[in-house]
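Please find below a colleague's note on the structure. It is set out as numbered points for reading beside the displayed chain.

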Amino acid sequence: MIDDLWYKNAVIYCLSVGTFMDANGDGVGDFKGLLRRLDYIQGLGVTAIWLMPFQTSPGRDDGYDVADYYGVDPRYGTLGDFVEFTHGCKQRGLRVLIDLVVNHTSDQHPWFQAARKDPKSPFRDWYVWSKTKPADADAGVVFPGVQKSTWTRDPVAKEYYFHRFYEFQPDLNTANPHVQAEILKIMGFWLQLGVSGFRMDAVPFVIATKGADVTTPAEQYDMLRMFREFLQWRTGDAIILGEANVLPKTDMDYFGVAGERLQMMFNFQVNQNLFYAMASGDTGPLTKALEKTEPRPATSQWGLFLRNHDELDLGRLTPKQRQTVFDAFGPDKSMQLYDRGIRRRLAPMLQGDRRRLEMAYSLMMTLPGTPVLRYGDEIAMGDDLSLPERTCARTPMQWSTEPHGGFTAADTPVTPVITDGAYGYKHVNVADQRRDPQSLLNWMERIIRMRKELPEIAWGDFTVVPTGAPEVLALRYDWRNNSVLVVHNFGATSREIQLPSGAGAGESVLLVNLLSQDHSPPDAKGRHCILLEPYGYRWFRVGGLDYILRRSDV
Ligand code: NOJ
């Protein structure tokens with residue numbers, strides 16, 4: 001049974017086809033290029049790939065503006081290439097998740113074009129209209145500073161249409177049963193082509209009531225159950241990983257009390273507090289965020305991430321906490337975005353400090369949930385702040401020291417490869433790092449390998465073990481007679497900590513270091529005294545001399 005719920009103990013790698021590998025030399029990554037790099041991805045040890053949108057799109061929001069849900073954008077290849085890709089993944093035991101962007105379409109989608117031209121079109125009611133400009137039209141924009149309104153007048157329809165995001169992304173009227181049926185059809189289509197599920201974009205908006213008269217949108221949670229049931233009728237092991245930046249008090253509404261709604265959600269609450277802990281050295285708010293998001297059905301799972309393709313959204317921190325993170329990781333206005341976040345990649349935020357990078361990824365791998373790693377993070381890629389908005393952290397993968405980092409043979413890649421400075425491809429690339437046993441890439445492979453051997457983290461309950469040091473977080477996972485303890489020092493100085501007897505469990509045990517020979521025997525009272533270096537981290541198995549899971553107990 002535990003292996004059936006593959007997403008519980010998965011390691012997900014996310015990438016966008018257009019910036020991963022260009023096989024045909026036109027300056028844009030494609031499925032053929034990605035196929036050639038599947039062995040690399042498999043070698044990293046990840047178990048699933050999440051592809052960002054690759055369907056036909058004018059590309060005004062990097063594919064999050066879909067113009068045809070049933071096709072591959074010609075820049076990336078054909079449906080045939082896509083099936084070669086899912087087949088290649090299957091051969092390597094890799095699962096595939098794809099983005100499902102159904103809160104809105106592109107304004108170029110034939111549905112919207114039909115809807116705007118003819119009030120009697122069956123597609124008219126697929127979108128959300130108002131004859132007059134709603135009073136709250138300027139409220140609730142998602143991209144402040146760039147997006148002005150959530151209602152825009154369409155000169156063809158001569159009415160206002162609702163758009164939660166940019167004006168070229170009209171919202172679908174997701175309450176319309178025909179729209180709901182179409183969403184299921186889209187899911188069914190891609191399942192048939194070999195995917196194991198979807199990263200559902202903007203879930204709270206998908207299920208919210210929409211309309212000119214809606215002042216407080218209400219979530220229609222039953223829709224989640226409907227999506228889930230459909231998925232499982234078609235493909236028993238397919239999942240939805242929801243993008244829902246919501247408050248902990250609604251988590252169970254999204255998972256469903258019996259786990260009957262979303263299988264997975266990204267843990268934004270932990271993400272923001274984790275950056276605060278890294279910026280301040282105070283793990284208190286992170287501990288609270290972990291505890292608040294602890295309740296979840298046994299079959300559900302959190303997706304844990306550090307940086308994603310969007311800005312680091314700090315909107316849920318207090319203004320003071322947010323300022324602390326800005327000061328530490330994005331002090332310059334050019335590094336910030338939408339009044340709430342930081343648009344940089346992780347490595348430059350941490351000034352390329354290997355100790356801090358390891359600590360951050362070690363943490364991501366050992367917090368309660370399934371880690372989601374972004375392409376390029378395994379080699380500590382940087383950003384290009386001269387590019388607009390979020391594009392700065394979406395530059396092409398750096399494979400080698402060849403021109404354009406080996407990403408493309410074209411003279412001019414559509415998105416420029418980082419060339420200059422410490423993060424340029426001559427200094428940061430896969431080819432160099434794979435030859436260097438000490439590289440971050442090889443470290444990442446080892447850490448992923450070990451993480452997969454720790455189902456306690458995926459399945460177990462965690463306890464926060466007191467360390468006596470606010471900058472040191474110790475988490476203990478217990479599951480079916482097996483226990484793991486992970487310790488992270490967020491501080492810039494060495495710190496000696498003392499863990500209570502049996503690392504919280506009372507009995508006197510050896511803590512077996514899973515990453516080195518540096519085991520920690522108990523003192524006469526069963527306690528453990530551990531000296532952590534600046535940003536130091538430890539992974540221990542509690543008790544036993546063998547690091548291997550007592551599989552007979554599983
Ligand atoms: C969330 C996605 O992560 C983001 O990149 C996109 O712009 C919006 N949803 C709109 O689809």
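The points below go from the basis of the model to the whole chain and then to selected residues.

1. Basis of the note. This is a predicted model, in which local features need pLDDT of at least 70 and side-chain atom pairs count only at pLDDT 80 or more, while totals for chains, interfaces and linings use all residues. Residues are numbered from 1 along each chain as its sequence is written, and side-chain values use heavy atoms, with hydrogens and water left out.

2. Overall dimensions. The C-alpha trace spans about 80 × 50 × 45 Å along its principal axes. The radius of gyration of the chain is 24 Å, which agrees with the value near 24 Å for a compact globule of 554 residues; the radius is taken over C-alpha atoms, and the globule rule is 2.2 Å times the number of residues to the power 0.38.

3. Secondary structure and domains. The chain holds 16 helices and 23 strands, which are DSSP runs (helices H or I, at least four residues; strands E, at least two) numbered from the N terminus. The domain assignment gives domain 1 (6–102 + 177–452), domain 2 (110–162) and domain 3 (460–553); such bounds come from an automatic or database assignment. The centres of domain 2 and domain 3, taken over C-alpha atoms, are separated by 55 Å.

4. Of the 554 residues, 62% are buried, where buried means under 20% relative accessible area, exposed over 50% and partly exposed in between (1.4 Å probe, protein chains only). Among contacts with a separation of 6 or more, 68% join residues 24 or more positions apart; a contact means heavy atoms within 4.5 Å.

5. Helix H10. In helix H10 (residues 284–292), the buried residues are Pro 285, Leu 286, Thr 287, Ala 289 and Leu 290. The buried residues of H10 pack against helix H9 (268–280), helix H11 (319–329), strand E17 (461–465) and strand E18 (472–479).

6. Ser 362. Ser 362 belongs to helix H13 (residues 354–366). Ser 362 counts as buried because its relative accessible area is 0%. Leaving aside residues up to four places away in sequence, Ser 362 touches Trp 443, His 488, Tyr 537 and Trp 539.

7. Ala 410. Where does Ala 410 lie? Ala 410 is in the loop between strand E16 (370–374) and helix H14 (430–435). Its relative accessibility is 12%, so Ala 410 counts as buried. Not counting residues up to four places away in sequence, Ala 410 touches Gly 25, Asp 26, Gly 27 and His 404.
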